[in-house]
Structures are given as C-alpha cells and as structure tokens.
Amino acid sequence: MNTLNYKFRNEKYFQTIGFQHPVVAVLDFKKGVISQGNYERDNEQLFDFAIVNQRTGEQYRDNNQLIPRQTFLVIHRIPATEQRSAKL
C-alpha cells in the first residue's frame, strides 16, 4: 500500500493515508481526507482543500493532478466554489 502524509496547516504532526496506486489524483486524496476526518456533508458548509507539497512548495490546484507516493502535504480548508464542491 502506498501512502501520503498530510497535516492541516495549524497541526503539528502528520497523518498518513493509504492508497492502492503509486500516484493518487488530488480529488481522490481530498475524498480520503474527508472520509478520515468524519466531515459531514452539509449544503450550508461547503468547503474545499488547498493542498501544497511541503518540500517543493507546489500547490495542487487541479483535481486531476497526480500526487506521487510518500509526499508530505500541507492542507487547509477554504470556501468552495460551486464547481469544485460538487465533485467532493
């Protein structure tokens, strides 16, 4: 199983999430974080994640971008646009 390490911007320690493939689409990563974090899907509280590679500073803006395994990511919640929140 391949893993990605992530933490929210305000947290001190990284968490790990596992995936079957050596690269993971940003959208699949976001769905994994939501399922691990027990976020409730409420129409009044739509959000998205801003995701940044901690080592390179690259921001993953496109949901179809691929994230390689063993990457350390820093994420934070942002208000979602209708187009982006519909996919989560």
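Mentor: One term before we start: buried means under 20% relative accessible area, exposed over 50%, and partly exposed in between, with a 1.4 Å probe and protein chains only.
Trainee: Okay, and where does the model come from?
Mentor: It's a predicted model, where local features need pLDDT of at least 70, side-chain atom pairs count only at pLDDT 80 or more, and totals for chains, interfaces and linings use all residues. Residues are numbered from 1 along each chain as its sequence is written, and side-chain values use heavy atoms, leaving out hydrogens and water.
Trainee: How many helices and strands does the chain have?
Mentor: There are 2 helices and 7 strands, taken as DSSP runs numbered from the N terminus (helices H or I, at least four residues; strands E, at least two). Along the sequence they follow β-β-β-α-β-β-β-β-α.
Trainee: Which residues are buried in helix 1?
Mentor: Val 26, Leu 27, Phe 29, Lys 30, Gly 32, Val 33 and Ile 34.
Trainee: And how much of the chain is buried?
Mentor: Buried residues are 38% of the 88.
Trainee: Switching topic: is Asn 53 buried or exposed?
Mentor: Buried, at 9% relative accessible area. Asn 53 sits in strand 4, residues 47-53.
Trainee: What does Asn 53 touch?
Mentor: Leaving aside residues up to four places away in sequence, Asn 53 touches Glu 58, Tyr 60, Thr 71, Phe 72 and Leu 73; contact means heavy atoms within 4.5 Å.
Trainee: Which backbone nitrogen does the Asn 53 side chain reach?
Mentor: That of Thr 56, at 3.4 Å.

Key:
A polar contact is a pair of N or O atoms within 3.5 Å; within protein, one must be able to donate a hydrogen and the other to accept it, and residues adjacent in sequence count only if both atoms are side-chain atoms.
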